[in-house]
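Please keep the viewer open as you go.

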Amino acid sequence: MHRFQHVAASAEDVVAQNLMQRRLGQLTGTCFQRCVGMDAINALFSVTHECDQESGTGYHARFLEFVKLVQTENLVVGGAMTDPKGDRGKGPSGQKDPDLFLRVVERRPDGVVVRGAKAHQTGCINSHWLLVMPTMRLKPNEKDWAIVGAVPADAPGLAYVYGRQSCDTRSMEEGQGDVGNVRYGGQEALVIFEDVFIPNERIYLNGETAWAAPLVERFTAYHRRSYVCKSGVGDVLIGAAALLAEYQGTDKASHIRDKLVEMTHLNETVHGLGIAASHQSFERPAGNFEPDGLLANVCKQHVTRLPFEIARLAQDIAGGLLGTLPSAADLAGLVTGPLLDKYLRVKEGVRVKDRARALRLVENLTLGRNAVGYLTESMHGAGSPQAQRIQIERQADLPAKKALAKHLAGIDE
Ligand code: SF4
Ligand code: FE
């Protein structure tokens, strides 16, 4: 089966997910959209098992049937967690409009009907199935929001509103000169559930509010170290910056070399933390392996910062032409072409159009379509920075650290 559909059975499996993610980041230079489903499958594997053990529900066996279907038919699953959330000062039951968190609006003998929306859904347009999950800790009275289930991506009642991205219409222009990444781009959509039916056999939590928080915590332990993907995209950006330095004749300058060192150091920090979280995976009673939550959150916290610094250094190396480069049409223009060829020339033997392509790639990753993936998604994907800090505080284990300090300080209270 495909690793994106696989339930990790060892720490090596979890590490292999990360290695795959870095490689795919290198090959696509964007968000390749499959990890959310993989991380949701892995988190639900243990949550359904433990919920059954605790309450005698029958979710795990049902969920395994879904996983088998996905594996045997090689299907793409979109993990749909993020609700629009409305007034952030209030939870699901405090909202004036209860649909701002996806919820059950009707219970039937054969299933439930859900209404609501899931925001920023990476890869949903090209998924076969959507796995809906609650987005946050729920109170005991918020049973209608404690729903986990799988729906086909074309189920009646589903609507997708595609997000706009910076410079997106460039990919509809003739030629590829201004696109930046001529092969790939990511996409997200707002998915609206206008009364979508989920049959009983596709429901994997239904009213067990106490399991919402562990589900979110486990999902994010997987997903926050999945952001090793950004080190693969970082490799592309570092490569583009190094290429520009070479084209422009600045590659021997010590400060440029040092900036490339700094970019590499930051990029490997992201990779190192993610892969460390994966190496430190532990086994859940269900038999699957889950990454270390603290390291995963520290990884993602770095992802909310380091790509921005890498992008800043790439723009520094690229120079001002990054923002003022004429269009591919002008570069090829009858009158403008020869003039631009003369005035945008750099090192002997380097074609202006190749310099322009490398600049467009840096633009694409730091200002254009793939800046959504490399920067904004790094900031907010898998939870915004503060969400990681909350988890880091929870797992910081200050009492144990205080005990260490007391021991060495000779404090005997
Ligand atoms: Fe995967 Fe990264 Fe895209 Fe998330 S942002 S789906 S981890 S490639
Ligand atoms: Fe994500």
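A residue counts as near a molecule if one of its heavy atoms lies within 4 Å of it. By that rule, ligand 1 is surrounded by C31, F32, Q33, C35, V36, H223, S226, Y227, C229, K230 and E377. This is a predicted model, in which local features need pLDDT of at least 70, side-chain atom pairs count only at pLDDT 80 or more, and totals for chains, interfaces and linings use all residues. Residues are numbered from 1 along each chain as its sequence is written, and side-chain values use heavy atoms, with hydrogens and water left out.

**Around the ligand**
- α2 (35-55), α4 (212-226) and α5 are the elements giving two or more residues to the shell around ligand 1; helices here are DSSP runs (H or I, at least four residues).
- The shell holds six nonpolar, three polar and two charged residues, where Ala, Val, Leu, Ile, Met, Phe, Trp, Tyr, Cys and Pro count as nonpolar, Asp, Glu, Lys and Arg as charged, and the others, Gly among them, as polar.

**Helix packing**
- Helix α5 (residues 229-248) packs against helix α12 (residues 352-366) at about 145 degrees, with axes 9 Å apart; axes are lines fitted to C-alpha atoms over the stretch in contact, and angles run from 0 to 180 degrees between N-to-C directions.
- Twelve nonpolar, two polar and two charged residues make up the contact of α5 with α12.

Conventions:
Chains are lettered from A and ligands numbered from 1 in the order in which they are written.
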